[in-house]
Amino acid sequence: MDRRTVLIGGVAATTAAVLPSPKPKTTTTTTTTVFHSLFVWAHPDDDTLGGGAAIAAEKASGKKVFVIMVTDGEATGVRDLLNGSGTSSWAGYTHNPTAEDYAPLTQDDIKAARRREFETAMRTLQVDEFIYLSLPDGGVDTTSVQTAVENYAQTIVNQYGGQIDLKGHTYKTVAEDHPDHLAIGNALHNIAVDAPTWLRSSRYFILWELHGSSFIGLTVARVNAIGADAARVVMAGRAYEAWAPVQGMFAVGGHSVPEAFTALFSDPHGLYHS
Ligand SMILES: [Zn+2]
């Protein structure tokens, strides 16, 4: 929801049932507060699986959308699958890099591949800007994230004015179990407690793997993507299933969490708490 604050003559406009007495003419000033959305995600694919529907909805409301990608997701076990160790349930066979005509992937190759998927998804969702923190996958710390988010938010507000709606992983252990996700959730929650002037609201998103949980003690709300926005979320998800080794696209997201993408495609939405 995009609520604008419009002040006319310094007070909120009201309707009056009685005729006012003649008054001296006053100058009318109009102040409009703009709001932007800043999303913070741990790994390439969290952005679309956790927040694709919300990003699409925020863009549809006319807001600028910014995204921080905290790691490059280099620790994924998908690298072993792509290098021929183990059988991918999603691909349905054991990869053979030589036969499939690509060099075995280094950790840097995986980083680059995951960035390609993320960047394609973000451009499909038409976000205004994304940045990388490149913190270690599996070693995200709350303080580094908090500092980076505060700095980036201040940069956004300095450039565009207004306030920011902050969104990302939940900090509630009833709805999350990955330490990187929780570190980010805690950073966002710390910022909410500090309540800086640039912050308007905070929302904490729950990833697909845990959508079936009961979330005891949490009031969970749903954000839907509909029509063309839903189609855009699905297309962003397909970026994570793109298989084109000659172009450095290895469908890392698809190999990693195929069930989550299947669920996203069947019903693009997000779950969050405040
Ligand atoms: Zn993640």
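User: What is the order of the strands in the open sheet, and what is the pairing?

Analyst: In this predicted model, seven strands form an open sheet in the order 5-4-3-6-7-11-8, with mixed pairing. Averaged over the sheet and ignoring direction, neighbouring strands are turned by 30° against each other. The protein chain has nine helices and 11 strands.

User: What makes strand 5 and strand 8 edge strands?

Analyst: Strand 5 (129-135) and strand 8 (221-224) each have a single partner strand, so one side of each has no neighbour in the sheet.

User: Why is strand 6 called largely enclosed?

Analyst: Strand 6 covers residues 163-169, and six of its seven residues are buried, so the rest of the structure largely encloses this strand. For the protein chain of 274 residues, the buried share is 40%.

User: What connects strand 6 to strand 7, and what is the hand of the crossover?

Analyst: The two strands pair in the parallel sense over six bridges, strand 7 being residues 199-206. Isoleucine 164 has leucine 199 in strand 7 as its bridge partner. From strand 6 the chain passes through helix 6 (residues 179-194) to strand 7, a right-handed β-α-β crossover.

User: Why is aspartate 45 called buried?

Analyst: A residue is buried if 20 or more other C-beta atoms lie within 10 Å of its own. Aspartate 45 has 29 within that distance, so it counts as buried. Aspartate 45 sits in the loop between strand 3 and helix 1. Its phi is near 110°, a positive value in a residue other than glycine. Most residues other than glycine have a negative phi.

User: Why is glutamine 126 called partly exposed?

Analyst: Exposed means 12 or fewer C-beta neighbours, and buried means 20 or more. Glutamine 126 has 13 within 10 Å, so it is partly exposed. Glutamine 126 lies in the loop between helix 4 (107-124) and strand 5. The phi of glutamine 126 is positive too, near 60°.

User: Which strands does helix 1 touch?

Analyst: Helix 1 packs on the sheet and touches strand 3, strand 4, strand 6, strand 7, strand 8 and strand 11 (269-273). The direction of helix 1 makes about 175° with that of strand 3.

User: What is known of the crossing of helix 1 and helix 7?

Analyst: The axes of helix 1 (residues 46-60) and helix 7 (residues 227-239) come within 9 Å and cross at roughly 140°. The crossing is right-handed. Residues that meet here include Ala53 and Ala56 from helix 1, and Val233 and Ala236 from helix 7. The residues of this contact divide into six nonpolar, three polar and two charged.

Note on methods
Residues are numbered from 1 along each chain as its sequence is written. This is a predicted model: local features need pLDDT of at least 70, side-chain atom pairs count only at pLDDT 80 or more; totals for chains, interfaces and linings use all residues. Helices (H or I, at least four residues) and strands (E, at least two) are DSSP runs, numbered from the N terminus. Two strands pair if DSSP finds at least two bridges between them. A crossover is right-handed if, with the strands pointing away from the viewer, the path from the first strand over the helix to the second runs clockwise. Axes are lines fitted to C-alpha atoms, for helices over the stretch in contact, and angles run from 0 to 180 degrees between N-to-C directions. A crossing is left-handed if the near helix is turned anticlockwise from the far one by less than a right angle, and right-handed if clockwise. Two residues are in contact if their C-beta atoms, placed from the backbone, lie within 7 Å. Ala, Val, Leu, Ile, Met, Phe, Trp, Tyr, Cys and Pro count as nonpolar, Asp, Glu, Lys and Arg as charged, and the others, Gly among them, as polar.
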